[in-house]
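Visitor: I am new to this structure. Please take me through the terms used for it, and tell me what each one rests on.

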Amino acid sequence: MSTTSVRSPVLLILISFFLLAIPMGASSSTHHGDFLKCLSDHSNTSIPIYTPQNSKYSFILQSTLASLRFNTSTTPKPFLILTPLTESHVQTAVVCSKKHGIQIKVRSGGHDFEGLSYISDVPFIIVDLFNLKKIDVDVNSKVAWVQSGATTGEVYYTIAKKSKTLGFPAAICTTVGVGGHFSGGGYGFMLRKYGTAADNVIDARIVDAHGKILNRKSMGKGLFWAIRGGGGGSFGIVISWKIKLVTVPPVVTVFSVSKTLAEGATSLVHKWQQAAHKLPHELFIMLGLGIVDATPKGEKTIIATFDSMYLGDAKKLQTIMQARFPELGLESKDYTEMSWIQSVLLFDGIPTNSSIDVLVSRPQPKSLAKVKSDYVKQVIPPIELENIWKRILKDEQTGMMFMPYGGKMSEIAETETPFPHRNGTLFKIIYLVYWTEEQVGISKKYLNQIKRMYEFMTPYVTKSPREAYANYRDLDLGQTSKNGTASYAQAKVWGSKYFKGNFDKLVYVKSKVDPDNFFRNEQSIPRDSSLTHYGDFLKCLSDHSSTSIPVYTPQSSNYSLILESTMGNLRFNTSSTLKPFLILTPLKESHVQTAVICSRKHGIQIKVRSGGHDFEGLSYISDVPFITLDLFNLGEIDVDVNGKVAWVQSGATSGEVYYKIAEKSNTLGFPATTCTTVGIGGQISGGGYGFMLRKYGLAADNIIDARIVDVDGRILNKKSMGKGLFWAIRGGGGGSFGIVVSWKIKLVTVPPVVTVFSVGKTLAEGATSLVHKWQQVAHKLPHDLFLQLGLSVVDATPKEEKTILATFDSMYLGDAKKLQTIMQDKFPELGLESKDYIEMSWIQSVLLFDGIPTNSSIDILVNRPQAKSMGKGKSDYVKQVIAQVELETIWERMLKDEQNGMVLIPYGGKMSEIAESETPFPHRDGTLFMIFHFVFWDEKQVPEKYIDQIRRMYEFMTPYVSKSPRGAYANYRDLNLGQTNINGTSSYSQAKVWGSKYFKDNFDKLVYVKSRVDPDNFFRNEQSIPSVAH
């Protein structure tokens, strides 16, 4: 970049004129004058500049302004327009704008649907790149360098001038500027063959926030990744792109055929959804939906227009269509062969016999319009299409375009570029509404029409998030605050729609390359202040630790493996799930101390994971950028058989604990979960229960000491932490008070032989009366006997009629003879026979109830892979027997939805002997049983359907469960009960909603302890205990 002191005489004259044109005393005049002087000082050649006083100002402003919606008398306009002639001019504009705090907007083609490249909500200048449009095509290497001010039409023209068998997969509209188009992804009729335009970018030159020009090598992988689909206006000004040209045949074939509803449009649109994404990659069939007159009387109907381009001759295309889409009824005369460049003209509405010179310096078409976008992953059935037609016909103005995906788009990973809409997408929807200048006064009418249509389409499109295309900017999705200064949380609303899970990586890149947020617009990528401390944080870790702490970034080859290794619920492993920008896996206690000290020092949100079995993912997801501290390396277990105690580090699983105990004794055990991959740390923190619940209480009831890293990074034990904190960590839930690194547990006595049985009964076999009786007896049985009840929906007959199956699973701490005597006395209705009772060791029962064959080696419990599923759980407590007639209504409800299941966990025994206030876990005396509601689905199914089912079931059960409050189990976190504000900053009153359900009256004591030990609320999650001092 030039830094010569030679000043341009033109600029000096302009400075004087600019100052004279503004009333003296206006503070901005001096400021703007200084800016112009800066341009002069930093450039040895004149930069074309236009002020509102310049005769060409309006012409330059409007020349590439596509949307007249942003060219009204009230639209804010730039106080300067710069039209650089060289790369150094762009550098100078950036340096001087940043130096003088001037908002800069960059325009390459003016096709921005929300005008974000040429309007602003604060005073601004435009850097218009239309002079930077050099295109250098290298036919031999099949590449080209293209400056950002060129249009796609000019790119196509220059390629076609040199080769008839090369092309580029970019926009159908030939007046679109390359700079913005590539920045957001970019697509055209070769999308299914070659992917997006951004997928074919192999290098770039960008002016960064310091005014330096960087190429692919010097900008680094992160920034090069971000500019290829992350949207324009966030990272710098890309001045040129090196693109990979693609092969096109000498002949392509096109067709265009339209069908009205009377001509079978509905069935054809339905078939198109099933076929278009599966066709050969060379074939692209776009579907347009509009309204036309159906009769001379002006009655309206829907018209579906199928426009296609095939990279091949008509004969081959005809064969494909006859085999794959014969319903369209194409004839030989419908197929038209032409060159690829002629198809470019055709699909942009230019006669194919025109000279291709028309593509050079073509005027920008202008309109008054609004556009929105959606993505579809499931075929919309005909009956729903008919509802859509009614909606379109009602408003008349709104049209839609369906763009087929599949092909190459399904082969590229969602994370390859920021553009995430890949495998699984059937098609994209573009909603369009236009109006004329005469209708400007009622423009809101048309804007409301497209909003209504978009809202109407909600059931048929993607969810969580509802996806959108970044190049079709839509401020209805969520807008930054004034001057493009959105917080992470504000930007996440629309960012997750455009970029899904890639949004967080974009924030990370932005925070590194433009930490001052110089490049910004109303929907630009925000920088996050915590991420700007990334390097300082890593240095802090190094400074405070004498040994290396294993750290994984999203760029690390093992990052995904570490992240997913102990992630139990795949519901929180989608492309849109926020992921940690660092994962730390401590090897020793001091590493945990260091992580806490450095996270607190640099204001970084920390999430702690011990097993990954969190039902709401609160140990490994967040609503703000965060790091995960995964304790899986801290899995040491030291068993003292003589003392009947053990020290267990929090990263161990319950299965590993059972294994270590059984390795040393066949008469000792521990009363924790039946699921052997659950991490000890989180389980004990929330209570923890298993099949010895009624004999020995909770896991937390059997804790006699602990070691915790507090908010100051100190390690405290039972004595030094004090009674309040030791009380709170034994059932008050994880993530609120500190990081417990190890627990001293009291081992319990188990007999050499335990006895189990499992028996299932359908409704036809008397399940209703048995469930009714179970409620009356299960909590009263001897403490040594645990009789769990599972309820599910199964096939009743070969005809697949459904019924309820009640499964009674039991473990008894004793031999079969004693258990048989008890069951004959207490629950004879179950009809058990001698063969139903099976004796085994306690450790074998551990295997059995986790679905592991009892003849397996107990070594299987060590380093066992985390079982993974997609599901949702909820919990309830019952204090009164549910009558048989009410049970029948519950069965009806379950059979209606089919997917829901329930497990009923009996209480009584030891649980009734421990006071509610002994630990934070309050569900004790008077509780008959706990209900665990659950629903599961697979990756191909829509989660919302099943989540809605379990919510309906939970709501339905209201009359039968505890009240004031409706109790819930803290280890079965449920964000439906009430959630904290963003970043875990709920008020006391907000947290009280769910806190009283989990902890009843113990909640207030937990708040008191939290406020004393962590007054600044450093340890927090979406349902952590709040600090009233915060």
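Guide: This is a predicted model. Numbering the bonded cysteines of the chain in sequence order gives the pairing 1-2, 3-4. The count comes to 2 disulfides.

Visitor: What makes C38 and C96 a disulfide?

Guide: A pair of cysteine sulfur atoms counts as a disulfide within 2.5 Å. The sulfur atoms of C38 and C96 are 2.1 Å apart, so the pair meets the rule. The link joins distant parts of the chain, with C38 in helix 2 (residues 27-42) and C96 in helix 4 (residues 87-99), 58 residues apart. The angle about the S-S bond is -85°, and the link is left-handed.

Visitor: How do you know whether C38 is buried or exposed?

Guide: Buried means under 20% relative accessible area. C38 has 3%, so it counts as buried. C96 has 0% and is therefore buried too.

Visitor: Why is the disulfide of C540 and C598 called left-handed?

Guide: The torsion about the S-S bond of C540 and C598 is about -85°, so this disulfide is left-handed. Here C540 lies in helix 18 (residues 534-544) and C598 in helix 20 (residues 589-601), 58 residues apart, so the pair links distant parts of the chain. The sulfur atoms of C540 and C598 are 2.1 Å apart, and both cysteines are buried.

Visitor: What makes C675 count as buried?

Guide: The relative accessibility of C675 is 18%. The cut-off is under 20%, so C675 counts as buried.

Visitor: Why is A700 called buried?

Guide: A700 has a relative accessible area of 0%, and the cut-off is under 20%, so A700 is buried. A700 sits in the loop between helix 23 (693-696) and strand 26 (703-709). Leaving aside neighbours within four places in sequence, A700 is in contact with I684, G687, R730 and G731. From A700 to V759 there are 59 residues in sequence and 31 Å in space, C-alpha to C-alpha.

Visitor: What makes T417, another loop residue, count as buried?

Guide: At 1% relative accessibility, T417 is under the 20% cut-off and so counts as buried. The loop that holds T417 runs between strand 17 (399-404) and strand 18 (427-435). Not counting residues up to four places away in sequence, T417 touches D199, W225, R228, R422 and N502.

Visitor: What makes strand 14 a paired strand, and which strands does it pair with?

Guide: Two strands pair if there are at least two bridges between them. Strand 12 (residues 252-260) is joined to strand 14 by 8 bridges, so these two pair, and they run antiparallel. Strand 13 (residues 283-293) and strand 14 have 11 bridges, also in the antiparallel sense. V254 stands opposite M309 of strand 14, and I285 has S308 of strand 14 as its bridge partner. The hairpin of strand 13 and strand 14 has 6 residues between the strands, and G298 there takes a positive phi near 85°.

Visitor: Why is strand 14 called mostly covered?

Guide: In strand 14 (residues 300-310), 10 of the 11 residues are buried.

Visitor: How do you know that the length of helix 31 agrees with its number of residues?

Guide: Helix 31 (residues 943-956) has 14 residues, and at 1.5 Å a residue it should span 20 Å. Its end C-alpha atoms are 20 Å apart, so the two values agree.

Visitor: Which residues of helix 31 are buried, and how do you know where they lie around the axis?

Guide: The buried residues are Y946, I947, Q949, I950, M953 and Y954. They cover an arc of only 150° around the axis, so they are on the same side of helix 31. In an α-helix there are 3.6 residues a turn, so residues three or four places apart point the same way. The buried residues of helix 31 pack against strand 34 (870-878), helix 29 (884-897), strand 35 (901-906) and strand 36 (929-937).

Visitor: How many aromatic pairs are there, and what makes Y969 and Y972 edge-to-face?

Guide: The count comes to 47 aromatic pairs. Y969 and Y972 are 4.8 Å centre to centre, with 75° between the planes.

Technical notes: Residues are numbered from 1 along each chain as its sequence is written. This is a predicted model: local features need pLDDT of at least 70, side-chain atom pairs count only at pLDDT 80 or more; totals for chains, interfaces and linings use all residues. Side-chain values use heavy atoms; hydrogens and water are left out. Helices (H or I, at least four residues) and strands (E, at least two) are DSSP runs, numbered from the N terminus. The expected span of a helix is 1.5 Å times one less than its number of residues. Buried means under 20% relative accessible area, exposed over 50%, partly exposed in between (1.4 Å probe, protein chains only). The arc is that of the directions from the helix axis to the C-beta atoms. Contact means heavy atoms within 4.5 Å. Rings of Phe, Tyr and Trp (its six-membered ring) pair if their centres lie within 6.5 Å; planes under 30 degrees apart count as stacked, over 60 as edge-to-face and the rest as tilted.
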